Amino acid sequence: MDWGKVIFIFFSLGSLTSTAGFLWDPNIVILFIALATNLISTTLKIGVKKQLAPELLASSLVADFHLVPAFIFLQVLNNLNVAYVLIIGALIANVFSLALLLIESAKTSDSDY
């Protein structure tokens with residue numbers, strides 16, 4: 001089993017689920033967890049040399065550029081409506097990123113099986 005891939009997908013999926021969790025319960029702690037896991041996921045995507053790596057990094061950066069302002073709007077300006085709109089954008093970017101991960105996983109065949 002490729003543990004690097006497990007950690008990579010863990011943080012990508014963790015970002016997606018915590019972002020969706022914020023829509024269920026708008027809590028600043030959940031938003032912080034979503035932001036932190038997405039930043040870790042973005043960091044892990046830097047330097048990847050796969051076919052869809054640029055698309056993966058771009059989608060993760062889009063999610064970052066939605067989550068950071070959402071956190072600021074909720075924490076500093078206390079504006080939940082704008083935070084919701086930005087979170088939905090981050091959620092869409094994370095779903096796109098996960099779809100790319102699934103495509104990339106399907107394209108690579110491991111001889112370990």
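Buried residues (under 20% relative accessible area with a 1.4 Å probe, protein chains only; exposed means over 50%, partly exposed in between) make up 34% of the 113 residues in the protein. This is a predicted model, in which local features need pLDDT of at least 70 and side-chain atom pairs count only at pLDDT 80 or more, while totals for chains, interfaces and linings use all residues. Residues are numbered from 1 along each chain as its sequence is written, and side-chain values use heavy atoms, with hydrogens and water left out. The pLDDT, the predictor's confidence in each residue from 0 to 100, averages 90 over the protein, and 96% of the residues score at least 70.

The protein has four helices and zero strands; helices (H or I, at least four residues) and strands (E, at least two) are DSSP runs, numbered from the N terminus. Along the principal axes, the C-alpha atoms fill a box of roughly 50 × 20 × 20 Å. Among contacts (heavy atoms within 4.5 Å) with a separation of 6 or more, 68% are between residues 24 or more positions apart.

Leu-31 counts as buried because its relative accessibility is 0%. Not counting residues up to four places away in sequence, Leu-31 touches Phe-22, Leu-67, Ala-70, Phe-71, Leu-74 and Ile-87.

A nonpolar core is a set of buried Ala, Val, Leu, Ile, Met, Phe, Trp, Tyr and Cys residues joined through side-chain atoms within 4.5 Å. The largest such core has 13 residues, of which Phe-22, Leu-31, Leu-67, Ala-70, Leu-74 and Ile-87 touch the most other members. H2, helix H3 (53-75) and helix H4 (80-107) each supply at least two residues of this core, and the largest share, five residues, comes from H4. Apart from this core lies another, of five residues, among them Phe-8, Leu-52, Leu-56 and Leu-101.

Helix H4 has 28 residues and reaches 40 Å from its first C-alpha to its last, close to the 40 Å expected at 1.5 Å a residue; the expected span is 1.5 Å times one less than the number of residues.
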